Amino acid sequence: MASRIVDLWADILQEEEDEYQRVPEPEIAVVYRRQKADVVPHNDASRRQSNSSSEVGSRPSLVPVKRVSWNRSLYTRGRTSIAATAFADHPQQRKPRRNAKPPLHRGKALQPANYDKERAYFQEVDAFELLEESPSPKKPSTWTMGSQVDNVSIPHLSSVLQKWLISRKLNRAYAFPGSLSKILETPSFSSSTTKTSGNDHLGVQSSSYSVQPRLRSSLNEKPLSNMLTEETHEDIEVAISKLSLTSRPSSVDAYGCNSFSALLAACDQSVPSTLTDMLLSYCDRENITKVGEGTYGEAFKVGNTVCKIVPFDGDLRVNGELQKKSEELLEEVVLSRTLNLLRRHEGEVSNACTTFIQTIDSRVCQGGYDSALISAWENWDAKHGSENDHPGEFPKDQCYAIFVQEHGGKDLESFVLQNFDEARSLLIQVTLALAVAEAAYEFEHRDLHWGNILLSRKDSATLQFILEGKKLEVKTFGLIISIIDFTLSRINTGEDILFLDLSSDPELFKGPKGDTQMDTYRKMRDVTDECWEGSFPKTNVLWLQYLVDILLRKKTFERRRKDERDLSSLKRRLNSYGSAKECVCDEFFSELFINQE
């Protein structure tokens, strides 16, 4: 058996050797490349069966020679790791290239681009002469509220003067205080063609909301169609001759004539008066005494009234501070007169009280400080030691705003309270007054320290208030309160919101910590979030807390420990109130009401 197997293998090897000798060896070219895993189509199988010397078209075959038999496969299995192909010298086809620009001929230079057409176009545009660079109005006041008005006629110079004469005839209390050049500086147009939105027509900008538009419109809104426009040359000449060319100092011109003119109009004046003339209209110059002072001015007792004198629009610093501007004084005049309206109790009145000081008159004066006022100031300085600068330092052209007010008594700082009943009377009167002003005008005092509360004793035992149509009568215990100084106040008159932007005075909030007044300013800043134009009646509550704290810590009067506990409890409860109106309902005041209708 074993011999047969050996003979069989010998025959196979001999047959394979003979076959190998009969087949000529082809040239073998070894090519190293990646094997492609392409699937061979079935119809190409016949081509792949050819030997290594067979050709496929014009392309050399890279497919390995197919195994002829199982014996050959055994012979080559695992022996080679590369693809062996028959070498045939056939030219390889190049990949098509992208179309490229034709090469330039040797010696032929690149020609520059021709922009003759573009150059000719722009030369034609430049040759065109523009009449205007932009669509600016061809005539004054032709662009109004985003639309153009073409039918606008510029009035002749004489018509400008005629309008001034007519306005003077209709309102003799007012006349333009400026020089003739100021009147003729800008052409005047009818209100139908110059109406603008917002405050664009204002010439003066202030940190506080200005009331100049309303005041000026009230002076100029009278229709010209209803006026007598026929004036002779003689009338115009006489009127021009009466114009004051030096009615205002240069310092006033620097701040603009609009606010100064509006201030004069609000005070029913055409030109400023002098301090001496103002004083003589109320008393003799010998009966003048100083009764108080503040950072921005002085207070003098003149006859039965008190005159608050505030310099403004000047370059000289007042007690280290810049002088007030005319627009600020204008707003204080309007605010004071608005609060005067609360004093009316007759007829159908929704809100009324007499606690806010009555402003009898307001004036604009110009000139040096009167000698009688200087003498009164020096007497006060000798007795009390004034913290203000000497008024004799003001220049001869200095302007002053004068507030003539009723005499409200002594301030809380110097007034001596007798007992706890007077302290309660003080608190209920101040609280009700703030509540009434809140309801009527969204009023906030914002500076109600003990120097701005005046007290006096009178025979009246009760006092009447009207809060939102409800009549309230309270006990006074013979004490009458007056609230003064509305410089920092905020009010909504129904036409304007008047306020002072306290953020423009950061020093106001840098006072010592622990000082009740300084802490109240900082609390106001937190409540308003520096939005001083908005309505925040909580600020009135903060000043009521301040007053309670002053009564507990700095004022001495006859009181029991129970009274002190009641005041302390009131101060804590005030934290939960958002307005003075809410504070009126506190149990602390319940015993002070006599009659409620």
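D566 is partly exposed in this predicted model, with a relative accessible area of 25%, a label that covers values between buried (under 20%) and exposed (over 50%), computed with a 1.4 Å probe and with protein chains only. Its side chain meets that of K562 in a salt bridge, with 3.0 Å from N to O; the term stands for a side-chain nitrogen of Lys or Arg within 4 Å of a carboxyl oxygen of Asp or Glu. Residues are numbered from 1 along each chain as its sequence is written, and side-chain values use heavy atoms, with hydrogens and water left out. Because the model is predicted, local features need pLDDT of at least 70 and side-chain atom pairs count only at pLDDT 80 or more, whereas totals for chains, interfaces and linings use all residues.

**Salt bridges**

- The structure holds 23 salt bridges in total, and the one between K562 and D566 sits within helix 17 (residues 561-573), where the two residues are four places apart, about one turn of the helix. Helices (H or I, at least four residues) and strands (E, at least two) are DSSP runs, numbered from the N terminus.
- K562, the partner of D566 in that bridge, is also partly exposed, with a relative accessible area of 41%.
- D370 forms a salt bridge with R285, and the closest N and O atoms are 3.0 Å apart. This pair links distant parts of the chain, 85 residues apart, since D370 lies in the loop between strand 8 (359-366) and helix 13 (371-384), while R285 lies in the loop between helix 11 (275-280) and strand 5 (288-293). D370 is buried, at a relative accessible area of 5%, whereas R285 is partly exposed, at 27%.
- E591 and R424 form another salt bridge, in which the closest N and O atoms are 3.4 Å apart. E591 lies in the loop between helix 18 (580-583) and strand 17 (593-596) and R424 lies in helix 14 (residues 420-441), so this pair ties together parts that are 167 residues apart in sequence. E591 counts as exposed, with 57% relative accessibility, while R424 is buried, with a relative accessible area of 12%.
- K290, E293 and E298 are joined in a network of salt bridges.

- Leaving aside residues up to four places away in sequence, L417 touches several others, including L412, E422, A423, L455 and L479, where contact means heavy atoms within 4.5 Å.

**Aromatic pairs**

- A search of the whole structure finds 13 aromatic pairs; rings of Phe, Tyr and Trp (its six-membered ring) pair if their centres lie within 6.5 Å, and planes under 30 degrees apart count as stacked, over 60 as edge-to-face and the rest as tilted.
- The rings of F509 and W532 have centres 6.0 Å apart and planes at 20°, so this pair is stacked. The two residues are 23 residues apart, with F509 in the loop between strand 16 (497-498) and helix 15 (516-528), and W532 in the loop between helix 15 and helix 16 (538-553). Both F509 and W532 are buried.
- Y521 and W543 form an edge-to-face pair, with 5.5 Å from centre to centre and 70° between the planes. Y521 lies in helix 15 and W543 in helix 16, so this pair ties together parts 22 residues apart in sequence, and both Y521 and W543 are buried.
- F356, F443 and F486 are linked into a cluster by ring pairs.

**Backbone angles**

- Most residues other than glycine have a negative phi.
- D313, which is not a glycine, has a positive phi of about 60°. It lies in the loop between strand 7 (305-312) and helix 12 (326-340), and D313 is buried, with a relative accessible area of 1%.
- F477, likewise not a glycine, has a positive phi of about 55°. F477 is placed in the loop between strand 13 (470-475) and strand 14 (479-483), and F477 is partly exposed, with a relative accessible area of 32%.
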